[in-house]
Amino acid sequence: MEFECQRDTKIVSKDTSTNCFDNPQTQKVEPDQLLLSNNRKIESLDANNLESASKANGKLGIHFIEPLPNHSRSFTDLPPALVSEILNFLDPKELGIVSCVSTSLYRLAAEHHVWKEFYFERWGHPATSVSLEPDCLNEKSWKELFVEREFRSKTYMGRYSIDTMYGHKEAVRTVFVFVSKKLVFTSGYDQIVRMWDMEEGLSIAYSKPLGCTIRAVAADSRLLVAGGTGGFIHGWKVNDRNPHLFDLGVPQNLDTEFRLWEHVGPITCLALDFTKMYSGSWDMTIRVWDRSSLKCLNVLLHNDWVWSLVPHDTTVGSTAGNCVYIWETNSGCQLAVTSNAHTGNVYSLARSHTGKLLFTGGEDGSIHMFEINRNSKCSVKKTATWVPHSGPVYSLAFEFPWLVSASSDGKISLIDVRELLKTKKHSSSSSSKNVEAPQRMLHGFKCNLFSVGIGFDRIVCAGEEGVVRIWNFSQALDIEQRVRASRGKRVENRMRRRKIQAETSVSGGQEEQCSVAAKKDQDKNGWHSKRRVSGKLKA
């Protein structure tokens, strides 16, 4: 039999003695002893197990001496840096379970910096993706922000109301949801860009006709751009004195409006990041623009019409024909290409905030999820497939964990990728041939939904009807908050009842012991009296 000796551990048998040190040497010690000085915490055993273990070890000449209480060690006694490194390997659910173990672990888990990383990799910085009050970030911890946002994401499975916004006279081709400012921008065949209040469902302002069908709109806090069949990009710069950012309804102002002419075909897609602007066209190119100078920095050449694009960091994903491309924006190099991604054209594209997940929607009515790995070489691997529609998927929008799609069949599908990602994480071999089912389908439109957007507890969609509809899930959020509050009260009342029962059981046990002793005395006296009575009757 082989034993693995820990450092500072002595094992002494009846005939031999062994000492496990860095410099091992034989020492004369009393037999039948084992000295443990490694300061490890030994769990307590019950009396039977401890006695049996002592007898079994006694036959081998090995006896255990339990360490003193002041020598016991626990997980919280580890160095803070080591504890932090261990907690880094847990996901949000596991970290929440750890926080329920003890007060010290609750403090360590709640204040851990990994909550900030969890939030950033799902939704980005709250200032850009979440509409919070200025003082909110200082008052709430990252764990509280994460729990609140995760709680909001569950409302898309609850009740909703539909708000219908009228204003466009023809079909609407593009919808852009500006979440942080609660604004919606739409445009289409009527050549007018309209700005709406997402919460109130009211029209705020609209531009003059731009002279062509508008197929793409993009905006952030400093810039609004639109492009269409005319091949130009029309833009508005922010007006700091305007509470709604952009002056759409005023006459043309050269200081705040501009127009760029570079493409030789209709513009189908636009996107913005902090320093660059991206435009894709049916001239089979994507142009990368500098936002400050409005100069074209690079041209990315494709083999077919460009339908969609989505940038992330220094890369941009695009679709042209039935292929999916990944480009390096600074050098203009093609990092990866996936041919025949769909049967027919790939019309729509979406990407997660981390940039690792890429979603495509095609003419065949299917949706694919690809995983992008950038190690020594960029690789794109298909990991999941959904077929929720019977017609082409014209638009995709993603806000963790929900992927929303709009199709020509007049339906909207909601897909929760959370469980799928968890399954892929725990399973080493995953097959991309399995077709997943969407979690929910929304109806109510006629045919041809061209664009969809998602933000907080609302989904915005428009199409051939020329109206803009908002699915409002705030009612589900209110209901869920009331259910959560009532559940908390029930748990609190249950704990209070248990505490009262524990106190009464302790006091009741003492009274019961006294009553049992009194009853025994009474029964004893009654037995003697019965004997005396029976003896008299016999006499």
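Within the sheet described here, Phe 178 has Leu 183 of strand S6 as its bridge partner. The model is a predicted one, in which local features need pLDDT of at least 70 and side-chain atom pairs count only at pLDDT 80 or more, while totals for chains, interfaces and linings use all residues. Residues are numbered from 1 along each chain as its sequence is written, and side-chain values use heavy atoms, with hydrogens and water left out.

Strands S5 and S6 (residues 183-188) are antiparallel partners joined over six bridges; strands are DSSP runs (E, at least two residues) and helices are runs of H or I of at least four residues, numbered from the N terminus, and two strands pair if DSSP finds at least two bridges between them. The open sheet has four strands in the order S5-S6-S7-S8, with antiparallel pairing. Strand S5 (172-178) and strand S8 (202-206) each have a single partner strand, so one side of each edge strand is left without a neighbour in the sheet.

A cavity is a set of points on a 1 Å grid over the protein atoms alone where a 1.4 Å probe fits but cannot get out, and lining residues have an atom within 4 Å of a point. Grid points are joined across faces, edges and corners, and a volume is the space filled by probe spheres set on the points. The second largest cavity has a volume of about 50 Å³. Helix H8 (residues 142-153) gives the most to its lining, with three residues. The residues lining this cavity include Trp 123, Arg 149, Glu 399 and Phe 456.

Conventions:
1 Å grid on protein atoms, 1.4 Å probe; cavity = no way out; pocket = protein on both sides within 12 Å on 5 of 7 lines; lining within 4 Å.
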